[in-house]
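I opened this notebook to record what I looked up in the model, one topic at a time. The entries begin with open space and then turn to the backbone and the helices.

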Amino acid sequence: MIKIHHLGHSQSERILWLCEELGLPYRLQHYTRDPVTRLSPPELLALHPLGAAPVLEDGDLLLAESAAIVEYLIGRHGAGRLKPGPEHPDYAAFLYCWFHFANGNLQPTLLRFMTVGRATAGSDHPVLAATRDRFARLMALIEARLAEVPWLAGEDFSAADIMNVFSLTTMRLFMPVDLAPYPNIRAYLQRIGERPAYRRAMAKGDPDLVPLLS
């Protein structure tokens, strides 16, 4: 059986959610962040050299990196679900704009925004200003996309949504973001919150957290 090593309040929620959407049985190993550093506990470092989550066990396989795990589970156990095939009109949008957008643009920019904001003395610092501008453009891009389609890759819910929602919700525990200017994003997150698989995943992985869906 699949085993998911899940760090509370982290992007490993994606893997629980994916398994719930696909109806895949799994065992959950939960880890808690250090209360001072907010980093992973030593047990995760013993499991994987980077000490990060998620980590997936599937038989003899030990796999890290959430995007790689999502791709693996869809390819190995998902029978092609939640990912449009090459012949699908939304295939390029799924790959370039949204599935890889999550870890290639949105989450790194949020992390940079948080780190630079804490490291600089004033809000007028040029690096912080540039990061703030880039984040605003990313959010405007998502807002515009969700004015056109209900889900990020198009008409159908997909793994692209699973990859991006963490940065729009749980990541805001670490880097607060006001979603008031983004009605389409807020409506999208309400649709996410209505999905039974999402609710099950969050209740199992982070029972202490009320998902930040607004």
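Entry on the pocket. I worked on a 1 Å grid over the protein atoms alone, where a cavity is a set of points at which a 1.4 Å probe fits but cannot get out, and a pocket is an open set with protein on both sides within 12 Å along at least five of seven lines; lining residues have an atom within 4 Å of a point. I noted 25 lining residues, with Leu7, Gln11, Arg33, Ala52 and Ala53 the closest to the centre of the pocket. The model is a predicted one, in which local features need pLDDT of at least 70 and side-chain atom pairs count only at pLDDT 80 or more, while totals for chains, interfaces and linings use all residues. Residues are numbered from 1 along each chain as its sequence is written, and side-chain values use heavy atoms, with hydrogens and water left out.

I then asked which helix gives the most to the lining of the largest pocket. It is helix 4 (residues 91–119), with four residues; helices (H or I, at least four residues) and strands (E, at least two) are DSSP runs, numbered from the N terminus. The lining divides into 12 nonpolar, nine polar and four charged residues, where Ala, Val, Leu, Ile, Met, Phe, Trp, Tyr, Cys and Pro count as nonpolar, Asp, Glu, Lys and Arg as charged, and the others, Gly among them, as polar.

Entry on the backbone. Ala53 and Pro54 are joined by a cis peptide bond with omega about 10°, and Pro54 sits in the loop between helix 2 (42–47) and strand 3 (55–58). His9, which is not a glycine, has a positive phi of about 60° and belongs to the loop between strand 1 (2–7) and helix 1 (13–22). Glu65, likewise a residue other than glycine, has a positive phi near 75° and lies in the loop between strand 4 (61–64) and helix 3 (66–77).

Entry on helix 6. Asn164 is in helix 6 (residues 159–168) and is buried, with a relative accessible area of 1%. Leaving aside residues up to four places away in sequence, Asn164 touches Trp98, Phe101, Ala102, Leu106 and Leu152, contact meaning heavy atoms within 4.5 Å.

Entry on helix 7. In helix 7 (residues 183–193) I found Ile185, Tyr188, Leu189, Ile192 and Gly193 buried. Seen down the axis, these residues fall within an arc of 140°, so they line one face of the helix; the arc is that of the directions from the helix axis to the C-beta atoms. Their cover includes helix 1, helix 5, helix 6 and helix 8 (196–205).

Definitions and conventions: Buried < 20%, exposed > 50% of the residue type's maximum accessible area, 1.4 Å probe, protein only.
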